[in-house]
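Here is a short briefing on one protein model. It covers a loop residue, a hairpin and the nonpolar cores.

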Amino acid sequence: MNKSLLLLSFALFAVAPTLSAQETDEQIENAYPGYKLIFHDEFNGRAGKINSDNWGFDQGHRNNEAQGYTTNQKNARIDGKGNLVISAYKETTTVKGKTYQYSSASITSKFKQDASQNRPGWKYGRLEVRAKIPCATGNWPAIWMLGSDPSWIAWPYSGEVDVMEYYPSGGKEAIHANACWGDEKSQWGAKWDSKIRYVSDLAKNDAKWRDEYHIWRCDWDKDYIRIYLDGEQINCIDLDKTNESHVWWSDGDADKNYNPFRDQPMYLLINLALGGNNGGSLDNFSSPQRYYIDYVRVYSKEETTPSVELPQGTNLIKNGDFEDVDGAKTKSRENETILTSFPSWDLNVDEYSVYAKIEDNTPDGTVIKEGNKHHLSLSRYHWNGYSDGSISQTVEVTPGHEYDFGYLYKLCYGDYNGSRPQAGFQILDGDKNGEVLLENKDLDMTNVWTAARGTFKAKSDKVYVRIFLTSNYKNWYDNTTYGKDPCWTDIENVTLVDKNQETGIHNVIETDASNSSYYTLSGMRVAKPTKSGVYVHNGKKVIVR
């Protein structure tokens, strides 16, 4: 769907949430091992208005459609049987001063995965919708997602995922599964990845297909968007190929590689359109047409141990886990506490742009906590211009040795005024002006602990370790975000390990093994080793040659 909505507003209604009659909460929550249920609406309870905490309404129309989207309960209501019902009527209706000959409804999700988001949506996960669509010429029902970045990043640059659309293709009923993004070759050009299944083919195996409920699912991660119908994959979109959106009004190339499916959350829309660019003729329209939605569920992958493990061995970073807070210095700023110094780390920050944050309401000045663990957070402040803040530490190393570096991080989903923040690390030879030995300047946006890691060879006896947060130009007079922290990166378990370090054998000797009290590594005592190998002798590992 081309998303040029002529009229848009939200109407608010309320109804208490209720339990699903078909499945228990436990069954719904545990439907997918490894996933956590973060939002759902089962549309149960008595007949009436939909839950205004979960949904808002579009008003008007898109794509030259015939209907006017209303906020009327007649067009979108809970039926008391476990369904949201969107009904389209042939009737004269007026919406925002414009008269239409048909009425219908379009609802939009209001769920926020992160409370700091100024706009609804989630990033990555599994969307599942069970619904029965009205299969008739002229109908254009849809389940789809749009990017929730600032409104000035307009369609198609904001991205679109059509989990389900029903409308004719080549004169035949078809189910469409699409994704769309901006094509850098032409301004406002849209590039589509589209797949279809003809309803006639689906009905070959099930003659009642048109009259039954079906499950549409969308799996979205940083690599792919996969769209399923009743468990069958219909389309798979490679997100390495969607990185083509050129923001034509941007100065320079700062936003040229904006990828709507990696750089922002998305929100859900469910609607029943009529006619227009794709729906087809309404000459035989039978009023009303009803679109039944049984449930909407959104799951995110459970936070687990990062797939890339951190380096193992003796850590050369001092206070890399940020547990030592003794001697940390703080100051008060606008009713919150910020760090001015921290044990073993240099804070290269400016309290008016990027600052090292302290947990609110902790007068003792301890670092941000999760459970009993500390971590450090660099946060972007609401000041004018570019901003850059970092923590750093100089570490003694051995020239020629290989080193393994890594740490855990989170990078925010916050409203960053259209400019994607950067977070990453650098390892420099000697000092902050030295040669770059290892760096990653563009870590993925994520709200779960993720591992950043790399390997380098030391050239001199010191390296400079820097972990940073950078955000692009932001105007102080932007009242929509003034006074808020639009981006931040959390840092934990910074680790630097010498890959050439001793293996744990305390003493390497040549011996005729004339002394007693040797043990094999399995614990067997041998009076006199008869062959070379590794043994335990006087509490130490030794090599016998």
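Trp188 lies in the loop that links strand E11 (172-182) to strand E12 (190-198). Helices (H or I, at least four residues) and strands (E, at least two) are DSSP runs, numbered from the N terminus. This is a predicted model: local features need pLDDT of at least 70, side-chain atom pairs count only at pLDDT 80 or more, and totals for chains, interfaces and linings use all residues. Residues are numbered from 1 along each chain as its sequence is written, and side-chain values use heavy atoms, with hydrogens and water left out.

**Trp188**
- Trp188 counts as partly exposed because its relative accessibility is 45%; buried means under 20% relative accessible area, exposed over 50%, partly exposed in between (1.4 Å probe, protein chains only).
- Tyr157 is 31 residues from Trp188 in sequence, with 7.8 Å between their C-alpha atoms.

- E27 (residues 422-429) pairs with E28 (residues 436-440) in the antiparallel sense, over four bridges; pairing requires at least two DSSP bridges between two strands.
- Phe425 has Asn440 in E28 as its bridge partner.
- Six residues separate the strands, and Gly430 takes a positive phi near 85°.

**Nonpolar cores**
- A nonpolar core is a set of buried Ala, Val, Leu, Ile, Met, Phe, Trp, Tyr and Cys residues joined through side-chain atoms within 4.5 Å.
- The largest has 56 residues; Leu127, Trp216, Tyr291, Ile293 and Val296 touch the most other members.
- Strand E16 (residues 266-274) gives the most to this core, with five residues.
- A second, separate core has 35 residues, including Leu339, Tyr407, Leu411 and Leu438.
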